[in-house]
Every structure is written in structure tokens, then in C-alpha cells.
Amino acid sequence: MNGWVNGFIGVAIFAGSLPATRVAVMGFEPGFLTAARAAIAGILGLILILVLKQKKPAKQDWWPLAIVALGVVIGFPLFTALALQYMNAAHSIVFVSLLPLATAIFAVLRGGEKPNHFFWIFAILGSAVVFAYMFFVSGDTSLGIGDFYMLMAIILCGFGYAEGGVLSRKIGGWQVICWALILSLPFMLFLTIFYMPASFQSVSTSALVGLIYVSLFSMLIGFFFWYKGLAQGGIAAISQLQLLQPLMGLGIAAVLLHEQVSWSMLVVTAATILCVAAAKKFT
């Protein structure tokens, strides 16, 4: 039960990521936003590791940490920032419904988990509902560059989630994200300076708030709960909680960004929630 509680808290925190990124990318170039959020979180992670006197990971753990960094520190933030230049937050959130399936696949490949056939039926059904919305309900049968960026973000994020979930069983959930951030910190600091705007005077307060949210919550605190939940409850099973994230995110986008949330989007999200309930039963 603890795994589901921690997983749910992590998903609730992540639900604000895409709306916050949408706001932040209106004031910052995607390269700077990606680097700055990781650099800020990396500095905080380094402070935590030093203050709490955590020992360095074993030699064999650095490669999995590099995968985590590639997936959730670099890949997902970069590609979502790029995607949100071409689509609104509400549209991008629908893609998050694909993340549980991607995470479950990598849980099998990297974590050795073996969900039964019924689990896969409902996990795939949830993804199929998303694609049905994209190609039929919306009436747009073409994939734009923003859609490609979101698909890349989902694949890399699922990879990083699964790898981090496996490693969390060994060194702890919050330690995994902190070490992954520290590993990428020198590179991210360099990119932050390289992409830093000449002046921050024209940057809106809302863009700064968006940067703070994705740096502190999306990049750090959310992972404390998420990786712990994956380690406790199983990666494939807990990953299905991510199907709740679109509904939460759509609500945030509607309230804070005043974006239009269509009935079709809500129907898609409700259908995926039913799929995760069924998948949980057969995990």
C-alpha cells in the first residue's frame, strides 16, 4: 500500500510539470530551461547528499545512473520544452497516457518483471485510446514536429523511470535522483551559462514561477516519492498510476492557463483511468 501512496504523491506533483513548462517556455528558450532546471535541482541534490553524508554509489551503479540522467534529467525536460513550442499544455498532457506503457515495457526489459497477459491487454488498450483520440476524434491525422518531440520525451522518460525504479531498491529513491542530477551537473551548468539570456528584465513573473516549479518539484521532490513508490510496489504496477496524471494536468492547465479542455479530452482521460484500474487488478 505504501508503494501506491508514494506513487500517487509523485504523480500528483508531476501533473503540474507540463503546464509549468508551458508557462516557463514562454519566457525562456528551451535549451536554457532544460539546463537551468537540472542545474538548480542538481545543486540542491548535491547539498542534500553532502549534508546527509551519503556514500558514493558502487562502480556498477554509475551506468544505470547515467541512464536515469539521460531519461529524466535531460531527455524528458528537453523534448517536452521543444514540443510545447508547437502545442498547448492540454494537448501535450494527452501523450502522458502513453508513459505507463513505456515504463512497463522497460520494467520487463531492465527490471525483469513479468506482468501477465491481462495486464498487457489493458495497458495497450489505454495507449490505443490515446491514439484513437489523436487520429480520429481530433480530426488531425498528421503528426507534427511537436508530436514527435512528445513521443521522444515519453520513450526516454519511461526508460529513466524503469531504470531508476530498479536502482532505488538498492540505494534508495531520493538518492537515485540526487546522484543522477549530480552526474549531469557539470554539463548542465555549462549549458545554463551558454544558453543564459542576455537579460532577465523581459522575463515574466509567471515564467520564473514555472522555472522554479519544474526545478524544485518536477526535477527533484516528485522523484523522492515516485522512485520510492516504484521500488516498493513494482515498476510495472505503480507505473499505471501515471494514467491519472493527464486528468490532473488537464485540470491544472484549465485553471491556471485558461486553456480549453474539450469533452473528448476528458473522455479519453476517463477511459485510460478505467484501463489502469483493470491493469492494476491483473498485475
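Here is a quick briefing on helix packing, charges, cysteines and a handful of individual residues in this structure. Keep in mind that this is a predicted model. Helices α4 and α9 cross at roughly 75°, and their contact is made up of 15 nonpolar residues, one polar and no charged. A search of the whole structure turns up one salt bridge and zero disulfides.

**Where α4 meets α9**

- Two packed helices are described by the angle between their axes and the distance between the axes.
- For α4 (residues 62-83) and α9 (residues 173-195), the axes come within 8 Å and cross at roughly 75°.
- That angle falls in the 65 to 115 degree range, so α4 counts as roughly perpendicular to α9.
- On the α4 side, the residues in the contact are W62, L65, A66, V68, A69, V72, V73 and I74.
- The α9 side brings V176, I177, W179, A180, L181, L183, S184 and M188.
- Sorted by type, that gives 15 nonpolar residues, one polar and no charged.

**The salt bridge**

- What does K170 pair with? Its side chain meets that of D61 in a salt bridge, at 3.0 Å from N to O.
- The two partners sit 109 residues apart, so to speak from distant parts of the chain: K170 belongs to helix α8 (residues 145-171), and D61 to the loop between α3 (30-51) and α4.
- D61 is buried, because its relative accessible area is 4%.
- K170 has 49% relative accessibility, so it counts as partly exposed.
- One salt bridge is what the search of the whole structure finds.

- C157 is buried, at 1% relative accessibility.
- C178 is buried too, with a relative accessible area of 0%.

**Helix α6 and what follows**

- In α6 (residues 99-111), the buried residues include L99, P100, L101, A102 and T103.
- A104, F106 and A107 in α6 are buried as well.
- G112 comes after α6 and has a positive phi, near 70°.
- E113 is in the loop between α6 and α7 (117-137). Buried or exposed? E113 is buried, with a relative accessible area of 15%.
- Setting aside neighbours within four places in sequence, E113 is in contact with A107, V108, R169, G234, I235 and A236.
- E113 and A237 are 124 residues apart along the chain, and their C-alpha atoms are separated by 9.8 Å.

**Two spots on helix α10**

- S215 is found in α10 (residues 205-233), and it is buried, at a relative accessible area of 1%.
- Leaving out neighbours within four places in sequence, S215 contacts A36, R37, I40, A41 and L220.
- A231 also lies in α10, but it is partly exposed, with a relative accessible area of 24%.
- A231 touches G165, S168 and R169, not counting residues up to four places away in sequence.
- From A231 to S168 it is 63 residues in sequence and 5.8 Å in space, C-alpha to C-alpha.

**I40 in helix α3**

- I40, one of the contacts of S215, is found in helix α3.
- I40 is partly exposed, with a relative accessible area of 37%.

- Most residues other than glycine have a negative phi.
- K53 has a positive phi, near 55°, in a residue other than glycine.
- Where does K53 lie? It is in the loop between α3 and α4.
- K53 is exposed, because its relative accessible area of 73% is over the 50% cut-off.

How values were computed:
Residues are numbered from 1 along each chain as its sequence is written. This is a predicted model: local features need pLDDT of at least 70, side-chain atom pairs count only at pLDDT 80 or more; totals for chains, interfaces and linings use all residues. Side-chain values use heavy atoms; hydrogens and water are left out. Axes are lines fitted to C-alpha atoms, for helices over the stretch in contact, and angles run from 0 to 180 degrees between N-to-C directions. Helices (H or I, at least four residues) and strands (E, at least two) are DSSP runs, numbered from the N terminus. Angles under 35 degrees count as roughly parallel, over 145 as roughly antiparallel, 65 to 115 as roughly perpendicular and the rest as oblique. Contact means heavy atoms within 4.5 Å. Ala, Val, Leu, Ile, Met, Phe, Trp, Tyr, Cys and Pro count as nonpolar, Asp, Glu, Lys and Arg as charged, and the others, Gly among them, as polar. A salt bridge is a side-chain nitrogen of Lys or Arg within 4 Å of a carboxyl oxygen of Asp or Glu. Buried means under 20% relative accessible area, exposed over 50%, partly exposed in between (1.4 Å probe, protein chains only). A disulfide is a pair of cysteine sulfur atoms within 2.5 Å.
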